[in-house]
Amino acid sequence: MQCYPKYEPVDFDYVRELPAGWQLVPNIAIFAERVERGHLNEELLAVTISKGIIKQTELEHKKDISNDDKSHYKFVQCGDIAYNKMRMWQGAVGYSQYQGIVSPAYVVLSPKVPLNPRFFHYLFRTGFYANYSKRFSYGICDDQLSLRSKDFKRMYAIVPPLDVQDAIVAYLDRKSARANDFIAKQTRLVEVLKEQKQAVINQAVTKGLNPDAPLKESGIEWIGKIPAHWEVMHLKYLLNGGLVNGIFKTKDNFGRGVKIINVSDIYSENFFINFANLERVKVSTNEVKRYEVSHGDIFFVRSSLKLEGVGASACIVELLEPTIFECHVIRIHPNPQKILPEYLIHYLNSLNTRQRLVALSETVTMTTISQPKISSIGIVVPPIKEQKDVFSRIENESMKIDRAIAKAEKQMALARDYLHSLIFQVVTGQRAVPSATMTQRSQA
C-alpha cells in the first residue's frame, strides 16, 4: 500500500491532512434522521458493539427485552445507518443490510447525498470516532452518556469521492473477511484446547493415572467406574467445619476497607483468584474476623445470574492481607488429612461435577444451589499420595495446553489490532488502496 499523491491540511483533532479531493463535512449535510414508526410486522434488529447491526435472533445468550408494543419502534431501510445513543461512544453503530425495526432509543440515519454507507460503517466504528462521539455525548457518568441526534449532526465526517469510497469498501471487505476468518479459526482452536484441558482434568480425577488399575462401580451414575482402592465420600465429611456463606454487601459499605471476593472473581480459567484485582468494602472488625479467609480455603459460587456459573470454584494463591467474601460465595475449608485443596479444586471444576451441580440448582431470579445439596455432592477420593500425583499431572498437562491457548489468543489480538489499524489508516486517507490511488491520479 502507498499514500495518495497529494494531501491538503484540515482543521480536525484526529487527522491533520486529507488526500486532495476528500472533504471534512458536518454530519447534518450528509445524513438525515429517519423517524418512521408503526411498522409492526418488520423484523426486530439490534445494534451491537461487536458486529454493528444484526438480527435480534442472532444475539447469543441474551434475552429479548423488547416491548410487546412495537408501535414506537423505528423503521430501518437497507443502507441506513443506526446507532445506540447510550453506546455510540463504545462503537454501537453500523450499516444495515436488513430492513426492520429498532428500539426507540436508537437513532436511524439515511443518506441525504450519494454515498456508500458501508464506508461510514467502517469510519464510525473506528476507535477515534468512538472517542469523538464521547466528546459530544451528555451524561453525569459513562453509563448515562447519550449522543443525541442534534449533537451527532454537529460532528464531522471524512468524505472521500464516491468512487474512492467504493474502492475503500471493497478493499476493507476483503481484508476484514480474511482477518475475521483467521480469528474464527483461532477461536475454534482455543475452544478445542479448553475442551482438551477439561478432558485431562476429568480423566485424572475420576480414573486416575494408571490405566491398568482394577476398577469398581463408584455408585455415582454421573461418575461411573473408579479405581478399586479409591473411596467415594460426601463433601461434608472432607471438610474442617461446615460450609460458610459470606457477608451481604450493601451500597453503603463500598470503600477503602478490606478486600472482598465476589462471584466475578471466581471465574478463572486456572481456578485461582487474582488477589490484586479484588474490590474493597468497609466492614467492622467483628465482621472481618467472622468472614476472614485463610490459606487452603476454596470459594464456591452458590448463586449466579448465569446458569453455567453455579458451582465454579477457585482459591487464592497468595494471601497478602485480610480478605473476606460475599454472600453468593461459599467458603469450603478442606481437611488436608483427607483431601488436598489443590486436588479438590480440580475435582469440583471437572466437567462431570460442574454438570451435576448445574442439574441440582434452581432458578428464580438467580440460579442457586442449596447448601445441603452442595454438602452431599459425591467426591471421588484417592489416597493422599495419588492426589498429589493427579494434581501434578493436571498441572503439567494444563501448562502445555495453556501455552497453546495463550499463543492462539495472542495471534487473535494481533489480527484484531492489525485490522483496526488498517481500517483507521484507510478511512482517514493515511494509506491508499491501489484502485483509489489510480482514481485520484486520473482525476488530477
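Ala, Val, Leu, Ile, Met, Phe, Trp, Tyr, Cys and Pro count here as nonpolar, Asp, Glu, Lys and Arg as charged, and the others, Gly among them, as polar. The model is predicted, so local features need pLDDT of at least 70 and side-chain atom pairs count only at pLDDT 80 or more, while totals for chains, interfaces and linings use all residues. Residues are numbered from 1 along each chain as its sequence is written, and side-chain values use heavy atoms, with hydrogens and water left out.

## Pockets and cavities

Rolling a probe the size of a water molecule over the atoms shows where empty space is left. The search runs on a 1 Å grid over the protein atoms alone: a cavity is a set of points where a 1.4 Å probe fits but cannot get out, and a pocket is an open set with protein on both sides within 12 Å along at least five of seven lines. Lining residues have an atom within 4 Å of a point. Grid points are joined across faces, edges and corners, and a volume is the space filled by probe spheres set on the points. Helices (H or I, at least four residues) and strands (E, at least two) are DSSP runs, numbered from the N terminus.

| Space | Volume | Lining by class |
|---|---|---|
| Largest pocket | about 910 Å³ | 12 nonpolar, 10 polar, 6 charged |
| Second largest pocket | about 680 Å³ | 6 nonpolar, 6 polar, 8 charged |
| Largest cavity | about 50 Å³ | 4 nonpolar, 3 polar, 1 charged |

The largest pocket has a volume of about 910 Å³. Its lining holds 28 residues, and Ser50, Lys51, Arg125, Asn180 and Leu419 are the closest to its centre. Two or more lining residues come from each of strand 6 (52-55), helix 1 (117-124), helix 4 and helix 9 (384-427). Helix 4 contributes the most to this lining, with 6 residues.

The second largest pocket is lined by 20 residues, with Gln198, Glu269, Phe271, Glu308 and Arg354 nearest its centre. Here the elements that give two or more residues are helix 4 and helix 7. Helix 4 supplies the largest share of this lining, 6 residues.

The largest cavity is lined by Val293, Ser294, His295, Gly296, Asp297, Phe299, Ile316 and Leu319.

Buried means under 20% relative accessible area, exposed over 50%, and partly exposed in between (1.4 Å probe, protein chains only). In helix 7 (residues 351-360), the buried residues are Asn352, Thr353, Arg354, Leu357 and Leu360. Contact means heavy atoms within 4.5 Å. The cover over the buried residues of helix 7 includes helix 4 (162-207), strand 20 (298-301), helix 6 (341-348), strand 25 (362-363) and helix 8 (371-375).

Helix 6 is itself mostly covered, with 7 of its 8 residues buried. These are Pro341, Tyr343, Leu344, Ile345, His346, Tyr347 and Leu348.

Arg174 belongs to helix 4 and counts as exposed because its relative accessibility is 52%. Arg174 and Tyr343 are 169 residues apart along the chain, and their C-alpha atoms are separated by 49 Å.

## Strand pairing

Two strands pair if DSSP finds at least two bridges between them. An open sheet of 3 strands has the order 21-26-25, with antiparallel pairing. Strand 21 (303-304) and strand 25 stand at the edges, each with a single partner strand, so one side of each has no neighbour in the sheet. Strand 25 is joined to strand 26 (residues 367-368) by 2 bridges, and Thr363 stands opposite Thr367 in strand 26.

Strand 17 (residues 254-261) pairs with strand 19 (residues 279-281) in the antiparallel sense over 4 bridges. Phe254 has Val281 of strand 19 as its bridge partner. Strand 17 also runs parallel to strand 23 (residues 323-325), joined by 3 bridges. In that pairing, Ile260 is partnered with Ile324 of strand 23.

## Thr48

Thr48 lies in strand 5 (residues 45-48) and counts as buried because its relative accessibility is 12%. Leaving aside neighbours within four places in sequence, Thr48 is in contact with Ile54, Leu59, Gly91, Ala92, Val93 and Arg125. A polar atom of the Thr48 side chain lies 3.0 Å from the backbone nitrogen of Lys51. A polar contact is a pair of N or O atoms within 3.5 Å; within protein, one must be able to donate a hydrogen and the other to accept it, and residues adjacent in sequence count only if both atoms are side-chain atoms.
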